[in-house]
Amino acid sequence: MPPLLELRGITKRFPGVLANDHIDLTLNQGEILALLGENGAGKTTLMNILYGLYTPDEGDILINGEKVEIHSPDDAIELGIGMVHQHFMLIPVFTVTENVMLGVESTKGGIFLDRKAARERIVEISSQHSLQVDPDARVEDLPVGVQQRVEIIKVLYRQANILILDEPTAVLTPQEVVELIKVIRSLVAQGKSIIFISHKLNEVLELADRIMVLRDGRVAGATTPDQATEASLASMMVGREVILTVDKPPAQPGEVVLDVQNLKVLDDRKLVAVKDVSFQVRAGEVLGVAGVQGNGQTELVEALTGLRHVESGKVSILDRDLTNAMPRVILEAGTAHVPEDRQLDGLVLPFSIAENMVLNTYYQPPFAKGVRLQHELITSTAEQRVEQFDVRTPSIFIPASSLSGGNQQKVIVAREFSRPIKLLIASQPTRGLDVGSIEYIHNLIIQKRNEGCAALLVSPELDEIMTLSDRIAVMYSGKILAILPAEEATLEGLGLLMAGIQEGATQAAS
Amino acid sequence: MVEELTLAQKQQLNRRRWIIGAIVLFMAALILQFGLGSGGSKSTFVLSSQRTGVNIPAPDLVLPTDVTLYSMAALVGLAGVWQTLRGFKRDTVVILVSVSVLTAAFLVWATEDKSLNLTGMLVSSVVRATPIAMAALAGIYSERSGVVNIGIEGMMTMGAFMAVVFASITGNLWVGVIAGVLAGMVMGWLHGVLSIKYKVNQIVSGTGIIILALGITSYLQRAVLNLNPELNQPGPVISAVAIPGVWRIPVLGPVLFNQSPLIYLMIVLLVVTHVLLYYTRWGLRVRSVGEHPKAADTLGINVFRLRYISVLLSGAIAGLGGAYMSIGAAGRFNEGMVAGKGFLGLAAMIFGNWNPGGAFFGSLIFGFFDSWQEKISILQVGIPVDLLGMAPYIATMIVLAGFIGRARMPAADGTPYEKE
């Protein structure tokens with residue numbers, strides 16, 4: 001008997017990126033397949049292809065052994081494929097009933113909505129699968145966990161057999177995750193088949209029948225929970241590429257530059273993202289913060305740089321209390337910040353390269369005299385920095401948006417490093433860059449460290465962390481689980497810590 | 001779960017309470033000021049109607065000026081005191097009621113020892129509210145689907161022009177109405193192509209449509225209509241149709257049941273739009289597209305098609321509004337005759353929170369103030385006519401300032417949809 005669903009050689013290219021590279025996948029009736037991989041590994045792209053939101057450049061989709069064409073979500077729904085998106089596709093001002101019926105409305109006479117009939121079916125589905133929800137509630141008034149139930153009901157309402165759950169636990173509280181796992185089990189018991197996308201190892205091991213790991217758009221391996229451990233999955237996910245070597249003399253730690261005490265920070269949804277975090281960074285050392293993305297690193301960096309409110313705790317830089325200080329005050333205290341999202345937070349994309357080069361100093365002499373900008377000086381400085389930091393650009397007057405990612409990053413680095421700085425906070429400084437740029441930026445960070453600058457490096461790339469750091473902190477679910485000297489850390493040990501397992505990690509590390 | 005208010009939130013609420021209380025008390029003082037020195041005089045409001053030779057009799061409403069004003073002042077004053085000390089739950093309603101009383105008080109004061117035809121004023125309120133309501137309905141169709149339509153003014157201008165020309169050529173006013181509707185749709189289609197297909201900024205596209213319409217119509221008027229005056233003579237305006245049985249009811253009859261068929265059509269459209277938006281499959285889909293087009297798209301709903309249809313309907317209704325202004329009310333086309341009615345309609349739409357009923361109510365307020373300023377200037381109260389002419393627009397600002405915080409526009413309004 002052919003498998004329920006089969007993908008053969010799916011390839012999808014985006015400008016400059018190979019998102020999916022000849023991916024094969026099979027799903028059997030009544031099975032939970034976990035699709036594991038880091039952010040950007042191509043999981044969501046693959047599922048969007050299956051749901052008809054993207055068209056693949058190459059490859060075939062087979063259902064029950066027959067080749068099918070999926071050009072739109074309509075086709076996918078017709079074939080019994082339903083998707084619960086990572087970012088819910090719900091209309092906040094509509095009721096649950098309206099959201100569920102939208103697109104497949106039950107009507108009287110083909111025109112008028114029959115809310116009552118739809119409501120009855122929703123009640124039926126929700127009791128059958130223990131998905132409690134009030135069909136008349138407005139979606140915007142519901143907690144996230146319940147909104148997700150609405151999404152699942154929406155898929156079941158369309159009589160889907162194959163359910164794609166795209167990182168369903170990413171937005172849930174631990175209690176809601178337990179609920180969700182129950183629901184998934186009950187769905188499978190009733191004959192549904194599920195593709196479960198995640199980068200959380202423990203959930204995958206608990207729930208899946210089979211596990212497939214994607215890395216850089218390719219299948220990195222396939223396994224089953226009884227043959228895999230969190231450590232083996234972590235290494236499959238992260239990969240063991242050649243570690244870039246950086247010439248690094250032993251650290252000469254000096255005075256404490258950054259001192260963080262019992263920091264608590266909330267995320268955009270007002271949930272605690274950073275819990276009771278304390279650490280110090282000394283002059284002349286690099287503290288690497290490792291961790292799977294979304295474990296509070298973003299919020300931590302934003303809090304340290306004054307971009308996010310600190311709920312409680314204390315941040316001091318060179319013995320000065322700068323908790324909840326204005327970003328400019330923190331900057332003038334000698335902090336350089338290389339932000340995680342260079343296009344959103346690092347540059348003003350429509351501004352020229354020259355303007356971007358002085359974004360942090362334009363208001364001070366010598367770049368400003370009173371209220372007037374000194375354009376000649378700004379221009380000559382920019383030209384000199386473009387030269388010095390090897391930014392490849394035809395002109396310093398073109399907008400930053402027209403540069404490649406690596407050169408954009410070099411503009412940011414040039415701006416941040418061309419000032420006397422005491423503290424460097426770099427978040428994913430090499431994300432998406434080519435090998436040459438990575439090496440260049442790595443060397444610059446080490447150079448700053450050798451000059452006596454304290455550096456905090458946040459990155460989900462273990463290789464990068466291990467290459468550059470003198471000490472390594474691992475963040476998991478808002479906490480720092482451990483801070484290890486770099487020489488004691490191993491890929492396996494860090495991988496386990498990144499998955500939240502403390503016991504095995506300390507053993508593996510020692 | 002009981003939400004605890006923080007101290008700062010409480011202080012803010014208190015401040016809001018006091019400010020609104022102070023405004024209401026100020027209005028009470030103003031009314032009292034009107035009342036002072038009007039001892040013994042009377043204000044006469046005529047309720048009978050004399051139109052097109054038909055007389056619908058009704059007794060006059062005669063009020064003692066001072067007593068009426070003092071009681072109004074007392075009423076508003078009490079509300080102000082209560083608001084300041086304890087606070088009403090829905091403070092916007094307090095403001096709305098106080099402004100209404102203030103308006104009535106102004107009328108009573110202005111009619112001191114004179115008489116004013118109240119029925120006539122209400123009739124003209126409805127007449128003046130009609131193009132505004134049509135513009136508001138046009139706005140609702142477009143914006144509920146997520147396309148901001150600031151070009152309604154231009155669509156109305158084109159509708160008004162084409163209606164006159166075609167009515168003059170054919171000698172049939174209804175052909176003119178249809179031409180007006182089609183002209184509006186053409187402009188709507190243009191707006192749709194620019195803003196949906198080419199994703200031009202919708203404010204820019206809408207502004208372009210206004211300028212285009214003004215330019216085309218004023219050029220054609222000078223180059224064609226002025227040389228061929230017979231093209232600007234559609235004949236007498238579409239005549240009022242009395243609804244049998246009810247049109248002789250005093251006050252109500254002339255106001256509601258003896259009006260132009262286009263006004264009835266507007267009311268029918270109002271009801272139809274409400275039913276369409278909230279009780280049909282099409283309406284649910286249109287609203288979903290205006291709120292979260294991507295979600296609608298993942299459910300297999302054609303976002304682009306729904307937006308095109310909505311913008312075309314928007315243009316059609318705006319064209320109808322223009323036709324009403326030219327062949328339905330003025331009897332000819334004049335340059336710039338739409339005179340901001342399209343924008344007032346958008347304000348009424350926002351006032352009504354993008355709901356047909358609320359938008360209609362907003363239009364009536366604007367229509368009322370338009371007619372109010374006209375009647376007051378006839379009474380010659382010693383306030384320059386130009387200042388009184390500002391009344392509808394001041395009313396717009398007060399209404400928007402008081403309500404815009406509560407209004408909630410469709411979430412995706414103004415955002416072009418891009419498929420990945």
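How many residues of domain 1 of chain B are in contact with domain 2 of chain B? I get 11 residues of domain 1 of chain B touching 12 residues of domain 2 of chain B; contact here requires C-beta atoms, placed from the backbone, within 7 Å.

Ground rules before I go on. This is a predicted model, where local features need pLDDT of at least 70, side-chain atom pairs count only at pLDDT 80 or more, and totals for chains, interfaces and linings use all residues. Residues are numbered from 1 along each chain as its sequence is written, while chains are lettered from A and ligands numbered from 1 in the order in which they are written.

**Chain B, domains.** I looked up the bounds: domain 1 covers 16–113 and domain 2 covers 130–403 in chain B, the bounds coming from an automatic or database domain assignment. Taken over C-alpha atoms, the centres of these two domains of chain B are 32 Å apart. On the domain 1 side of the contact, β2 (49–51) and α3 (91–110) of chain B each give two or more residues. I noted that α3(B) gives the most, with 5 residues. Helices (H or I, at least four residues) and strands (E, at least two) are DSSP runs, numbered from the N terminus. That side of domain 1 of chain B splits into 6 nonpolar, 4 polar and 1 charged; Ala, Val, Leu, Ile, Met, Phe, Trp, Tyr, Cys and Pro count as nonpolar, Asp, Glu, Lys and Arg as charged, and the others, Gly among them, as polar.

**Chain A, β9.** Next I checked strand β9 (residues 162–166) of chain A: 5 of the 5 residues are buried, so the strand is largely enclosed by the rest of the structure. Buried means 20 or more other C-beta atoms within 10 Å of the residue's own, with C-beta atoms placed from the backbone. A:Ile162, A:Ile164 and A:Asp166 point one way, A:Leu163 and A:Leu165 the other. β9(A) pairs in the parallel sense with β6 (residues 81–84) of chain A over 4 bridges, where pairing takes at least two DSSP bridges. β9(A) also runs parallel to β10 (residues 193–198) of chain A, with 5 bridges; there A:Leu165 has A:Phe196 as bridge partner.

**Chain A, open sheet.** I traced 4 strands in the order β14-β13-β16-β17 (chain A), with antiparallel pairing. The edges are β14 (272–282) and β17 (320–321) of chain A. 7 bridges join β13 (residues 256–266) of chain A to β14(A), and A:Leu258 stands opposite A:Val281.

Technical notes
Contact = placed C-beta atoms within 7 Å. Buried ≥ 20, exposed ≤ 12 C-beta atoms within 10 Å, placed from the backbone.
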